[in-house]
Amino acid sequence: MQLADATRVSGELTLERGTGSIEWLVDNAVAYRALLAAIARAERSIWITQLAFDADCRVYDETCVSSADMGAPLLLDALADASRRGVAVRIVLNETLLLDTATPLRKAIAASGATNIAVRGLHHFPQLLHAKMCIVDEDEAIVAGSPFVNGYWDHSGHAPSDARRPTRELGGRPLHDLSMRVTGATVDALGQVFAELWNDATIGAPDAARVEPRGCDSGDDACLRLTRTVAHGVLARHPDGLMEIVSGVERAIAKARRFIYIEHQYLSSERVITALAQALAREPALEVVIVLNQNPDVTAYRVWQRTRLRSAGLLDHPRVGIFALWSARPSMHDGCEWDVSQIFVHSKVLIVDDAWLTAGSANLDGVSLHSYGADFTSRIGERVFRDVRNYDVNLELTVHDDDSLLALRTLRDVLWREHLGPDVDVERVSLALWRAHAHECVDALRHEPEFDLGGAPHTTMVLPYSTEATPGAQLRALGIKVDERIDLLFDPGWLEVHCSPNWIRNMFA
């Protein structure tokens, strides 16, 4: 079998258009290189919105190929250098009981001596700023996949363990993500988004001037559209909030005829799952491939996903395949043959018929799309969290010409080659392709035939999704013995599976 040695797969893909460009940045090593380069080019302004920004976040790029390469710069240092060149750095973060990295970041900025970096905080408890972006000189923008936190770093090889990924956030698991670099009209629209957030923020940097972005472009061209989720009462210009992202998803799924591809951190939105079930019932040839986390960082999602997928008939639907990503390499410990770990899927991509996609910060859950309360199975939770929504930003790409078709297919190709192997025939847009590869990966881990990485240092593996609670139980459900041959690097116990102690600690630390 040909397993996925993702180090052979390019993650940087660019499509130039008359009105601008979009560049796919697959995995955070590539995204960080683009981020550092953009910061280094800055001459006037750097505008950042983030879920979280740790002052000790290091920006390892893809030139760091082993855990020995620990000398990457701090992102804060790169911003401080820009500020000393006269660049005005403005950052908007959450500053709430639930999550506050703004306060420690201000202290770190003061200690650095940088004088042209200002941080403002948003406080709309329990709703969060979830949009992640960096806009440089209003000429280019990176819509980032991950928070600026060390535990979210990884490169496309997804080694089962790496010293550059501390265990604090996600148990040290490899992480797969997608960011995007854009130029053109979309940057103007993102600038408007930043200005609304910055000017409406109420905490911190009282002396920093209002941001007045140039123009009022909608950000739309023939192919690319900015969409948002906004809660009631968060922005003065949108007092009733926005639910553009879920509306776009539902419209696209309603038009699906042949194929839907989803890779997401969470899939619990009843509206999205209902739309998928209705599309399958309507279109007898439609197939759906879903790549999903079996052990989300917020453990309630494991039950929510399982419950919704089962009730909609998607868990065992003959035209639906749900898969999880894993990583393996020859063991670095005596007495074991293989180090194995789950890969944490943090990307948020939905593709329909190679004709439409949406990607950005929004998960396919209630809090990123319409209502957090809708995710809860209890009446109390549904009532308490009704209409609670985070602030999210996505980009929609609609195919209108050969260039936009190439852009969409290029992203799908690089994702599938990373997951399924560099020699996969990505023209075979079929569920059978994924099922066959998953079957081969299960056989490989069973040592039937002998597990062979084909010379790669480590590999990505696709396995069928399991509703079992722990990684060990998930492997055993597939007939894979978790014995002395396999060192399972992430296998949380009962407390972590059911109570999210890491998530709670990270929120309130």
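Tutor: In the contact between two helices, W416, H419 and L420 of α10 meet L433, W434 and H437 of α11, where contact means heavy atoms within 4.5 Å, and helices (H or I, at least four residues) are DSSP runs numbered from the N terminus, as are strands (E, at least two). The residues of this contact divide into 4 nonpolar, 2 polar and no charged; here Ala, Val, Leu, Ile, Met, Phe, Trp, Tyr, Cys and Pro count as nonpolar, Asp, Glu, Lys and Arg as charged, and the others, Gly among them, as polar. This is a predicted model, in which local features need pLDDT of at least 70 and side-chain atom pairs count only at pLDDT 80 or more, while totals for chains, interfaces and linings use all residues. Residues are numbered from 1 along each chain as its sequence is written, and side-chain values use heavy atoms, with hydrogens and water left out.

Helix α10 (residues 402–420) and helix α11 (residues 431–445) pack at an angle of about 25°, and their axes are 11 Å apart; the axes are lines fitted to C-alpha atoms, for helices over the stretch in contact, and angles run from 0 to 180 degrees between N-to-C directions. That makes α10 roughly parallel to α11, since angles under 35 degrees count as roughly parallel, over 145 as roughly antiparallel, 65 to 115 as roughly perpendicular and the rest as oblique.

W416 and W434 also belong to the largest nonpolar core, which has 66 residues, and they are among the members that touch the most others, together with W24, L190, Y261, Y391 and L411. Such a core is a set of buried Ala, Val, Leu, Ile, Met, Phe, Trp, Tyr and Cys residues joined through side-chain atoms within 4.5 Å, and buried means under 20% relative accessible area, exposed over 50%, and partly exposed in between (1.4 Å probe, protein chains only). Helix α4 (residues 185–200) gives the most to this core, with 8 residues. Leaving out residues up to four places away in sequence, Y391 touches, among others, L128, V193, L197 and V230. A second, separate core of 39 residues includes L25, I48, L79 and A114.

Another helix pair can be set beside the one you asked about. The axes of α5 (residues 244–254) and α6 (residues 270–282) come within 9 Å and cross at roughly 10°, and α5 and α6 are therefore roughly parallel to each other. The contact of α5 with α6 has 8 nonpolar, no polar and 3 charged residues.
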